[in-house]
Amino acid sequence: MHIVVCAKQIPDPETPPSAFKIDAATNKVVPAQGIAPVLSQFDAIAAEAALRIKEAGGEGKVTVISMGAESAQAAIKQVLAMGADEGVLLNDPAFEDGDSHTTAKVLASAIQKLGDVDAVFCGRQAADWDMGQVGLLIAEILDWPVATIAKGASLEGETLSVERVLADGFETVQVPFPAVVTVSNEFGEPRYPKLPQIMAAAKKTVTQMKAGDLGLDPSEVGKAGSRLQLQKLFIPEKGAQVEFIAGDTPQEQAAALVSKLRADKLI
Amino acid sequence: MPQNILVVGELENGAPSTVTLELLGGAAALAAGGSVSVSLLGSGATAAAAQAAGASKAFVSDDANYDTFRGEQWLPAVQAAVEQSGATLVLMAQSTAGRELGPRLAHRLNTAVAMDCVKVEDAGGALQFTRPAYGGNAQATYTIATNPAIATVRPKSFDEATGAGASETAELPAAGASRVNVVGKEVTESEGLALTDAPIVVAGGRGLGAPEGFETLRELAAALGKDKAAVGASRAAVDLGWFPPSEQIGLTGKVVTPDLYIAIAISGASQHMAGASGSKTIVGVNRDKDANIFDFSKYGVVGDWKQVIPALIEELKK
């Protein structure tokens, strides 16, 4: 069983709103000073799901792939430290500023180049753009079945059993291999690597691939190949001006709040 | 500019779902002289077409195999509806189905989808799609260079359509095979009123400190009126196992727009506010007067929820 985990490095979503800034000229987020980028949390959970399947089967391989700049090595190393066997970085200026479709094309090409992949695990969405497209598009490009928003995944004989989160509950689906799974936060916390694992991962070599290695023309990836075109990225204005409820005791605060809400005919 | 719009509808108890009617409302405003069609799949689809307000034509299949959503089965039918309607714009909900259909349909039609839009507008001839990004810290506006443009739309972004339903129907093919096999479903029974219907929502976060805090929140909801108030939770509280995922409010959960939203021990992270910021009045209860929730609140109570909420329950009972 060879499972690929797709991992993305993103600006830390816990960046306080006061430190979140946009460069209007380039429509890009200005990296917050002193706040390092992180592995998207949903991808860390996808890695956890893949590793548990490998461990339950007692054999197999997990490869982590990231499309990004050289700094994305940190995201790859984190998944290696969690227990992944190999890492691949897809780093080429031609890949930059693409949309979900070009990103999926690059990742799917790398998965095809690896050749012997049985399953691809992705986060349900990246916690920066929150599109939730790449896993589905990889499945479409490879023509593999896909199960999205998983809260559980396990091997059942020759098939993969996936528990999915729905609006009103859960469903269990069975999917034949090869398959794509996108994993949601309901799966649970990813493991935290210990120091010896972090040090071992640091020594591992990450394979690098560029557009040419994947047989991709620069015109079909990155900004050049994008169909969804970003026109403007901006910080929305916040409407409300808060009125703090006065009162020396919780009882006084409660009484004042109730009288305000009654005056507004809200209760 | 006139647009031929296909709304990918979803059925709920044999009728077009609320968000389907919202999409039809949005479509009516965007069509500008073009046509509005709807696709409906599953038991009762043909009968439901008459309730699809604002659509002139409905593409339907009553095949019960469509009742449980499976992407591989829905995609060929929706693609046929797009092609037969001549759609230049396809609208669907940011729902379980829309989240899966949007990207896959875009791939099959060699076009692109803008996910989770809160605004779709005709800006001087070009459609513009606006959606939150970076957990709601930012908003992004896109155009789509290819045809048709596809958007999934966040619930409550448009007003529901009114008026007559579709007078003409066209038959879509029955469901084909699916490699993804649904073998079981478990419905989470929510206690009391549905979160998305309640005029008052009481929500709790990690700051409650323990799952027992939600019992106090249920008491508050009961004091506000069992037929009026529902209880929800932030993702942080759900991830801790304190409350069921089906009652999560936020970017990866439900979107609510009640008249009154009472956020208790919730910091107000963008991820959460993505599901609540459309509420008419927000009341924040938090120990930290600098908490982000107060940026969204009309009224703020700075204090320990363990003291404030029981006092509030007592006051409401007076």
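1. At what angle do helix 3 and helix 4 of chain A pack, and how far apart are their axes? In this predicted model, helix 3 (residues 100-114) and helix 4 (residues 134-142) of chain A pack at about 55°, with axes 8 Å apart. That makes helix 3 of chain A oblique to helix 4 of chain A (angles under 35 degrees count as roughly parallel, over 145 as roughly antiparallel, 65 to 115 as roughly perpendicular, the rest as oblique). Axes are lines fitted to C-alpha atoms over the stretch in contact, and angles run from 0 to 180 degrees between N-to-C directions. Helices (H or I, at least four residues) and strands (E, at least two) are DSSP runs.

2. The contact (heavy atoms within 4.5 Å) involves residues of helix 3 of chain A including Leu107(A), Ala108(A) and Ile111(A), and residues of helix 4 of chain A including Leu137(A), Ile138(A) and Ile141(A). Its residues divide into 9 nonpolar, 4 polar and 1 charged.

3. Chain A is assigned domain 1 (2-225) and domain 2 (237-267), with bounds from an automatic or database assignment. Their C-alpha centres lie 45 Å apart.

4. In chain B, Ile249(B) sits in the loop between helix 6 (235-239) and strand 16 (260-264). Ile249(B) counts as buried because its relative accessibility is 0% (buried is under 20%, exposed over 50%, partly exposed in between; 1.4 Å probe, protein chains only). The C-alpha atoms of Ile249(B) and Leu75(B) are 28 Å apart, at a separation of 174 residues along the chain.

5. Residues are numbered from 1 along each chain as its sequence is written, and chains are lettered from A in the order written. Local features need pLDDT of at least 70, side-chain atom pairs count only at pLDDT 80 or more, totals for chains, interfaces and linings use all residues, and side-chain values use heavy atoms, without hydrogens and water.

How values were computed. Ala, Val, Leu, Ile, Met, Phe, Trp, Tyr, Cys and Pro count as nonpolar, Asp, Glu, Lys and Arg as charged, and the others, Gly among them, as polar.
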